[in-house]
Amino acid sequence: MGISGNLNPDQLEFFNSQGYLVLDSFSSADEIRSLRSRMDQLLEEFDFSSQASIFSTTNQQQTTDDYFFESAEKISFFFEEKAFGDDGSLKQPKQLSINKVGHALHELDPTFKSFSTSEKATGLLSSLGYKRPIVIQSMYIFKQPGIGGEVVPHQDNSFLYTYPPTCTGLWLALEDATVTNGCLWAIPGSHKAGLVRRFIRDETGVHFDKPSPSYDQKDFVSIEVKAGALVVIHGDLIHQSFENKSSTSRHAYSLHVVDTDGCKWVDDNWIRRKVEAEPLYAS
Ligand SMILES: O=C(O)CCC(=O)C(=O)O
């Protein structure tokens, strides 16, 4: 199937030199509304009591690890660290307590699948040179008001490694993202220095193979965007987001894509799928 690229030379030049690209108005207000209201529904249906056991049973580490690992092919709910009081109960409604939902919304939910496999998404990947791309994970990220946790500086290739590396992040703002409510920040051009470290899964669980370098906060630029904008993130770009101490949430839907042609998904990634992911296209 022939997929035409939809990025122009200036956009490609910006992405290649800076390691990220903002595409304003990538999604319409209607599309945003439908993704958000579908998530409202999923949250409404989510039976928090069934998951509460994860936080209270013995053998805590194993249950937590299993829930995390199995989420690769499920729609799973992860709480904010600060969601719970000392007595272990939620301090606010579940809708305001979830950090993210992942990692297979793009596969299992028709509304999220429709966006994730849309022509505008595949056209973008074609422009970036993908030959047989798969979405390897998706996340609905809430960045809840008051308690939305920070995401420390990282590179996406650390977590979703192919050899050679091919990961790209597609981060869709479902609400305006500002420095006040925890927008993305990145070090422009940092992708050119290559991958710093990897997140490895082995028989003991998961760990990084090296400590994190320390980064100078002065090198980061804020990426403030309006709802509907898509931020394209190179897999080696150093990026982060801060805690959300404001009273406004900052919802986003994020996809991570890797190629399956000309590279190999390595066995010690945290994601070990039982069923192979469907390619978005093959060229
Ligand atoms: O949404 C955020 O705050 C961080 C997201 C991120 O780092 C990613 O999707 O790679």
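**Helix H7 and its cover**

The buried residues of helix H7 are covered by, among others, helix H6 (110-116), strand S4 (133-141), S7, strand S12 (230-234) and S14. Here contact takes C-beta atoms, placed from the backbone, within 7 Å. Before you go on, note that this is a predicted model: local features need pLDDT of at least 70, side-chain atom pairs count only at pLDDT 80 or more, and totals for chains, interfaces and linings use all residues. Residues are numbered from 1 along each chain as its sequence is written.

Now select residues 119-127, which is H7 itself, and color Ala121, Thr122, Leu124, Leu125 and Ser126: these are buried (20 or more other C-beta atoms within 10 Å of a residue's own, with C-beta atoms placed from the backbone). Helices (H or I, at least four residues) and strands (E, at least two) are DSSP runs, numbered from the N terminus.

**The ligand shell**

Next, show the ligand and pick what surrounds it: Ile141, Lys143, Val151, Asp156, Gly169, Trp171, His239, Ser241, Ala252 and Ser254. A residue is near a molecule if its C-beta atom, placed from the backbone, lies within 6 Å of it. Strands S7 (168-173), S13 (239-241) and S14 (252-259) each give two or more residues to this shell. Color by type and you get 4 nonpolar, 4 polar and 2 charged residues; nonpolar means Ala, Val, Leu, Ile, Met, Phe, Trp, Tyr, Cys and Pro, charged means Asp, Glu, Lys and Arg, and the others, Gly among them, are polar.

**An open sheet**

Stay with S13 and bring up its sheet: 4 strands in the order S5-S13-S8-S11, open, with antiparallel pairing (strands pair if DSSP finds at least two bridges between them). The edges are S5 (151-154) and S11 (221-223), each pairing on one side only. Now select S8, residues 184-186: S8 and S13 pair in the antiparallel sense over 3 bridges. Which residue in S13 stands opposite Ala186? That's His239, which you already picked in the ligand's surroundings.

**Zoom out**

Finally, show the whole protein chain as a cartoon, with its 7 helices and 15 strands. The C-alpha trace spans about 55 × 40 × 40 Å along its principal axes. Buried residues make up 38% of the 283 residues. Among contacts between residues at least 6 apart in sequence, 85% join residues at least 24 apart.

Notes:
Buried ≥ 20, exposed ≤ 12 C-beta atoms within 10 Å, placed from the backbone. Contact = placed C-beta atoms within 7 Å.
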